[in-house]
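Please look over the sequence and the model together before reading on. The report below is meant to be read with both in view.

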Amino acid sequence: MHNSAINAEDSSSLADLTFIQTSLDAMQQGLSIVRLIEGELIVIFLNRRAAELFDMPPDFYNLPRPFEDFIRLFANRDDYGPDDPEMYVRETLEHAKTLMPHSYKRTRPDGTVIEIVRTPLPERQGFITTYTDITEREHALNNSEILMQALNRTRVGMIIFDADAKLIFFSTQMQEFNKLVPASLELGISFEDYIRTCVYGGLMPRIEGHEDDWIAARLKRFNAPEGPIEVKRHDDVWLMIEDVKLENGFNVIFATDITELKKSQKNLLESMEHAESANRTKTEFLANMSHELRTPLNSVIGFSELLLTGVGGDIGSERAIEYLTDINLSGRHLLRLISDILDISKIEADEMDLDEEPVSLRALSDECLRMTEDRAQRAGVRIALIGALPAQQIYADPIRLKQIILNLMTNAIKFSHPDHTVGLAWLIDDQSLILEVRDTGIGMPEASIAVALEPFGQIANSFTRDHEGAGLGLPICLRLAELHGAQLEIESTCDVGTTVRVTFPPERTIPENYSVNN
């Protein structure tokens, strides 16, 4: 085989226009050539793909042909929109005659998107233009843009690391999650450096002294995801983190703010615990009530049967009188229990109204001391009015105010030691009248005070306590005080005693001789 010069015939065949036309028609890209001849733009070449992309009529294949004809064809078909066709033809020709490089995208009425690139010919003799169908690429870009908008508006943060564990993308929400440590989201940062930046920037849990262990565990989960985890950050924000490893080696991390969900879970748990506590309280109350009601009922039934059968002697006998006294006391105890239950139910249902009037502190205190004297004597406890009474009166419901004092004194007597004194006192401080009931009895720890103020809140249950009662005295006093706008406070120390203080608002303090008729 030897080299030889290309002869004239071969050279002519290489330049054959038919051969060139056929070759260019095989292109997947449209192509046209426009020459500037005597000041007019003439299309001298157009391949098949260009004609197909613009759906040109067959007669437009006959070249050469003025460039203006093509522009007018497109304008009249509204390819350029609803504007005046002739105006568009004129403006397009003027721009084309500048023979400047130009590129743009055109969307045809059928939705096809064509990228048009115009390149000047040598010595500004015209221009060559390529036409590329980029419809799929544009749709992909549009879809990507829609996806990005959706990602940036969702409450779920997303961050992507490439196969080399380098940060290549983060969403707006992830940026919001990491706004306190912006250095953590520098593109190109490795995942390990990202985690370290978050940890030492204060975004991760309170893991002082265990940072390296936490980071090592996080790297292990990144390389071998095991499902979502919940992380409580240093700023008390809860995030649910899920790692997803793609087939191409990329890692996608999703972060969802679940702070409100965790709060709801906590509230639900507290509600369940409260419900369980209320259920236990109900059970304890029923057990307590069965004991409290059964004891006086047994006395009433037993002693009345003895009297009915004559075993107790004649009605006037000493034994019969003793039995009748026990029956009376048991009946009163039952009445007190039932009254307390009805009162607390009425108060809790917001159905108790006050019948208010000026009340003398002297008359009220003397009456309450008389009514508790017998109980105090039976318990071996002294009762007394402590200190001088203020000259003022109190504007209140006398029956409910008396109920507060009697409950507090009865309670103090019940928990006092024999030979000790229960004191009733009235004080005045900055026009506020203050009621105090003091004892030096068994007292109670501070943690038990809140329990004692809850309905049926006996400190000990019905099997272990040493004192009768349904646990309603203090709760009733608290609710009745609140109805008067007063505050009830308890100070108590084990084996030292208890002071219950009820402070009435200044507007309930009135002059000694004041009456509603003034």
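Predicted model: local features only at pLDDT ≥ 70, side-chain atom pairs only at ≥ 80, totals over all residues.

The protein has 518 residues, of which 37% count as buried, and its secondary structure comes to 15 helices and 19 strands. Among contacts between residues at least 6 apart in sequence, 54% join residues at least 24 apart.

**Helix pairs**

Two packed helices are described by the angle between their axes and the distance between the axes.

| Helix pair | Residues | Angle between axes | Axis distance |
|---|---|---|---|
| α4 and α5 | 67–76 and 85–96 | roughly 140 degrees | within 9 Å |
| α8 and α9 | 191–200 and 211–223 | about 140 degrees | 10 Å |
| α12 and α13 | 361–379 and 398–414 | roughly 25 degrees | within 10 Å |

The axes of α12 and α13 cross at roughly 25 degrees, which makes α12 roughly parallel to α13, and α12 passes α13 in a right-handed crossing. On the α12 side the contact is made by L364, E367, C368, L369, M371, T372, R375, A376 and A379, while α13 contributes P398, L401, K402, I405, L406, M409, T410 and I413. By class, this contact of α12 with α13 has 12 nonpolar, 2 polar and 3 charged residues. C368, one of the α12 residues in the contact, counts as buried because its relative accessibility is 0%.

For α8 and α9, which pack at an angle of about 140 degrees, the arrangement is therefore oblique, and the crossing is right-handed. Here F191, E192, I195, R196, V199 and Y200 in α8 meet E211, D212, W214, I215, R218, L219 and F222 in α9. The residues of this contact divide into 8 nonpolar, no polar and 5 charged.

In the remaining pair of the table, α4 passes α5 in a right-handed crossing. The residues F67, E68, I71, R72, A75 and N76 of α4 meet P85, E86, Y88, V89, T92, L93 and A96 of α5, and the residues of this contact divide into 8 nonpolar, 2 polar and 3 charged.

An α-helix has 3.6 residues a turn, so residues three or four places apart point the same way. With that in mind, the reader may trace the spacing of the contact residues listed above for each helix.

**Helix α15 and the cysteines**

How many of the 11 residues of helix α15 are buried? In this helix, which spans residues 473–483, the number is 9, so α15 is largely enclosed by the rest of the structure. The buried residues are G473, L474, P475, I476, C477, L478, R479, L480 and A481, and C477 among them has a relative accessible area of 0%. After α15 comes G485, whose phi is positive, near 75 degrees.

Although C368 is buried and C477 is buried as well, a search of the whole structure finds 0 disulfides.

**A loop residue**

Is N62 buried or exposed? N62 lies in the loop between α3 (48–53) and β3 (65–66), and it counts as exposed because its relative accessibility is 55%, the cut-off for exposed being over 50%. Computed along the chain in residues, N62 and V43 are 19 apart in sequence, and their C-alpha atoms are 10.0 Å apart in space.

Technical notes. Residues numbered from 1 in each chain as written. Heavy atoms only, no water. Axes fitted to C-alpha atoms, helices over the stretch in contact; angles between N-to-C directions. Helix = DSSP H or I, 4+ residues; strand = E, 2+ residues; numbered from the N terminus. Parallel < 35°, antiparallel > 145°, perpendicular 65-115°, else oblique. Left-handed = near helix turned anticlockwise from the far one by under 90°. Contact = heavy atoms within 4.5 Å. Nonpolar A, V, L, I, M, F, W, Y, C, P; charged D, E, K, R; others polar. Disulfide = S-S within 2.5 Å. Buried < 20%, exposed > 50% of the residue type's maximum accessible area, 1.4 Å probe, protein only.
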